[in-house]
Amino acid sequence: MERVLVLPGDGIGPEVTAQAVRVLEAAGRAAGIGIECVEGLIGGASIDAHGDPLTDETVALARTCRAVLLGAVGGPKWDAMPVATRPEKGLLRIRKELGLYANLRPAAVFPALASASTLRPEVVAGIDLLVVRELTGGIYFGEPRGRAIVDGRREARNTMVYDDSEIERITRVAFESARRRSRHVTHVHKANVLDVSQLWMEVVDEVAKDYDDVELVHQLVDSCAMLLLSDPKRFDVIVTGNLFGDILSDEAAMLTGSLGMLPSASLGDGGIGLYEPVHGSAPDIAGQDLANPLAAILSVAMLLEHTFDRPDAAGEVRDAVTAVLADGHRTGDIVLEGEDRETIGCVAMADHVLAKLGA
Ligand code: NAD
C-alpha cells in the first residue's frame, strides 16, 4: 500500500481535503494504485491539541509516507500568537524537514471559466503554464542579512546567493516537467544586472544540453512580467529563483481569475512530495459547505502525476474537473458575472467530479 499523509489544517482545510481524499481514493482504485490515507494535525489544529504547529511525531509520520496532502493553515483564533509559534510555522517546518526545494504552480484556464479573468477571454483562453520556483535558496535565506546602524544611519541588507548545485537541481525539475508538457522552458533572470542571474544562465544552459528535445528561452524578469499579461499563451514551463518565482507565480495565478482553482506541488530529492491548494484557510466561509474543493482536487491530480508517475490518472481527474465546469456547476467563488446559476457546496462539487470519474 502507498501511504499518503493528509494534513487538513484549519478553516476550510478539513472541508476541501475531505473531498480531495474521496477523489484520490477513487482515482487510485481506478488506476490500480493501492492508496492508504493516514491523517495528522498541522497549524492551528495542532497548536490546540499539542501546543505546537507541527509535532516531531507528525514529521516522523510524514517520513513513512510517499506524499503529503495538505489543506490550509491559520485563522483569527491564532493571529495574536508570537510569529515563532504561529500556524504558518508548521507549514514552513514541514517544507524544510522534507527538503522541498521545488515549488510547482500551474496556471491553467478552464474554457468554461475564461471570462473569470480580468484580462479579455481571447487573451487567457488556452493558458496552460507551470511556474517552477526555487523555494529554499536565494535572497530570502542568504547571509549576511539584517539591520544595523552605520554612521548614524539605519541600514538593512539581504543577500542573493545560489550555488550551481541548487540551480542545477531546480532546472532539472523544470526540464523534466516540460517533457511531460509542451517541451518548452523559459528561464527568467535579471542577468543584465545580477551576477547571480549570470550563474543561473550558465548552469541552465549546461543542463539544457541533456534535454535536446526541449526548447529553452532566457527571458528578463521585467519583460516576462509584461508578457504574462500581453501574451501568456507563449509560456509552457517557467523556471526561476525564489524571489522572481514568488512574484511571477502569483501574477500567473491571477490570469485564471479564481483562487479556489489553483493547486500546487512542492518536491525535493527525498522522494516525498507535498501537495496543497494555493488558497488559505478562508475563515470567512469555513464550516458552511461553501468552499470550492477543486484546488485541492487538482492538487490530487498533481500528486498522481508527480509522486505516482501516473499522468494518465492525473489527466482523468483534470478532465473530470473540466467536464464538471463545462456542465455549469459552480461553487460561489467561481460564478461568473452575469451568470444566473444556482451555486452548489463543497461536497456536491466533489460528488460531480466523482460521478465524472465513474466512481
Ligand atoms: P484565503 O485564501 O484564505 O482567502 C481569500 C479569499 O478567497 C476569501 O474571501 C476566501 O473566502 C476566498 N477563498 C479562498 N479559498 C477559497 C475556496 N477554496 N473556495 C471559495 N473561496 C475561497 O486568504 P486570506 O483570507 O488572506 O487568509 C486567511 C487565513 O489563511 C490567514 O490565517 C492566512 O494566514 C492563511 N493562509 C494560509 C495559507 C496556506 O495555508 N497555504 C495561504 C494563504 C493564507
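How many residues of domain 1 are in contact with how many residues of domain 2? The points below answer this and describe the interface.

1. **Model and division.** This is a predicted model. The protein is split into two parts: domain 1 covers 1–114 + 258–359, and domain 2 covers 128–255. Over C-alpha atoms, the domain centres lie 25 Å apart.

2. **Contact count.** On the domain 1 side, 17 residues are in contact with domain 2. Domain 2 contributes 20 residues to these contacts.

3. **Buried area.** About 1,600 Å² is buried between domain 1 and domain 2. Carbon and sulfur atoms account for 58% of that area.

4. **Polar pairs and salt bridges.** Seven residue pairs are in polar contact across the interface, with both residues at pLDDT 80 or more. Two salt bridges are found between domain 1 and domain 2. As for individual side chains, Asp250 and Arg105 meet in a salt bridge, with an N to O distance of 2.8 Å.

5. **Elements on the domain 1 side.** Which elements give two or more residues to the side of domain 1 that touches domain 2? They are strand E4 (100–108) and helix H10 (294–306). E4 gives the most, with nine residues.

6. **Residue classes.** The side of domain 1 that touches domain 2 has nine nonpolar residues. Five charged and three polar residues make up the remainder.

Key. Residues numbered from 1 in each chain as written. Predicted model: local features only at pLDDT ≥ 70, side-chain atom pairs only at ≥ 80, totals over all residues. Heavy atoms only, no water. Domains from an automatic or database assignment. Contact = heavy atoms within 4.5 Å. Buried area = accessible area lost by both parts, 1.4 Å probe. Salt bridge = Lys/Arg side-chain N within 4 Å of Asp/Glu carboxyl O. Polar contact = N/O pair within 3.5 Å; in protein donor to acceptor, adjacent residues only side chain to side chain. Helix = DSSP H or I, 4+ residues; strand = E, 2+ residues; numbered from the N terminus. Nonpolar A, V, L, I, M, F, W, Y, C, P; charged D, E, K, R; others polar.
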